[in-house]
Amino acid sequence: MKKRLEMLEQLQEIDLQLDALKNSQNGLYGEINGIEQGLDASREELAGLETRVAQLEREKGELEVALATEQENTRRSESHMKEIKTNKEFQAIGREITAARKQAAELEEQILQKIGQIEELKGEIAARSASLAELEQNTEERRQEKLAEIAAVQQGIEADMARRAEITAHLPASLLKRYNSLREQRRGQAIAFARDGYCLGCNMNLPPQLYNSLFRGDDIISCPHCQRVLILKQQQ
Ligand SMILES: [Zn+2]
């Protein structure tokens, strides 16, 4: 029976180590997600700028169509001028031409503004594309580093799993079941050390008779308070 307690103690040690290794693996996967999210955000930002440029190009196109219309109106009015007979008609067409030219000048001004905005955004897109390419490169390197760390942790996990399998092969199924359900109920700790009449798992006083029976080391004894399997650890 003493052998069983030793095996349980080893099993607990391995399982706690496995818990830590799995946690660190999860943490590494979380870091990879974080790195990739940063990259996604940069890509979205760049796509947003490109959408904005496309929108400005469309607006510029519409202004150019409107400008062509005004220019055509001016030309038509100018050719009407030749057929004019009265001063009144002359003045009316003159007003039309003035209005169309004014409108055309405004449209040209707006088109220039759009061109300026488009050029500015294209400059920003070029700069951001360059830094995105750099970020992609960095991200890939960091991702590979994290994957290598995950693989190294995985080796540790597999080594522990092999040691665990060796131990569990020698323990009765009922005891393993009890151990596993205790681990679930007691935040991973199925085994508790007992010292000076106390259970160190829950810090409660153990009944003297129960504590004394631990010295025989020949039985699986549970703490009456936290139900963990007790292993005597006297101060050395
Ligand atoms: Zn206890």
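Residues are numbered from 1 along each chain as its sequence is written. Because the model is predicted, local features need a pLDDT of at least 70 and side-chain atom pairs count only at pLDDT 80 or more, whereas totals for chains, interfaces and linings use all residues. The pLDDT, which is the predictor's confidence in each residue on a scale from 0 to 100, averages 94 over the protein chain, and 99% of the residues score at least 70. Confidence is lowest in helix H4 (residues 208-214), with a mean of 94, and highest in strand E3, at 97; helices (H or I, at least four residues) and strands (E, at least two) are DSSP runs numbered from the N terminus.

**Domains**

The protein chain is divided into domain 1 (2-171) and domain 2 (187-232), with bounds that come from an automatic or database domain assignment. The centres of the two domains, taken over C-alpha atoms, are separated by 60 Å.

Four strands form an open sheet in the order E3-E2-E1-E4, with mixed pairing; two strands pair if DSSP finds at least two bridges between them. E3 and E4 stand at the edges, each with a single partner strand, so one side of each lacks a neighbour in the sheet. The table lists two of the pairings.

| Strand pair | Sense | Bridges |
|---|---|---|
| E1 (residues 191-195) and E4 (residues 229-232) | parallel | four |
| E1 and E2 (residues 198-199) | antiparallel | two |

Ile 191 stands opposite Val 229 in E4, while on the E2 side Ala 194 stands opposite Cys 199 and Arg 195 has Tyr 198 as its bridge partner. The hairpin of E1 and E2 has two residues between the strands, and Asp 196 in this hairpin takes a positive phi near 50°.

**The core**

The largest nonpolar core has 15 residues, of which Leu 8, Ile 191, Ala 194, Val 229, Leu 230 and Ile 231 touch the most other members; such a core is a set of buried Ala, Val, Leu, Ile, Met, Phe, Trp, Tyr and Cys residues joined through C-beta atoms within 7 Å. Helix H1 (2-81), helix H3 (173-185), E1 and E4 each give two or more residues to this core, and at least three residues come from each of domain 1 and domain 2. Leaving aside neighbours within four places in sequence, Leu 8 is in contact with Tyr 179, Ile 191 and Val 229.

**Two residues**

Gly 201, in the loop between E2 and E3 (204-205), is buried, with 21 other C-beta atoms within 10 Å. A residue is buried if 20 or more other C-beta atoms lie within 10 Å of its own, exposed if 12 or fewer, and partly exposed in between, with C-beta atoms placed from the backbone. Not counting residues up to four places away in sequence, Gly 201 touches Gln 189, Ala 192, Cys 223, Cys 226 and Arg 228. Gln 113, placed in helix H2 (residues 87-168), counts as partly exposed because 14 C-beta neighbours lie inside 10 Å. The C-alpha atoms of Gln 113 and Lys 60, 53 residues apart along the chain, are separated by 9.1 Å.

Note on methods:
Contact = placed C-beta atoms within 7 Å.
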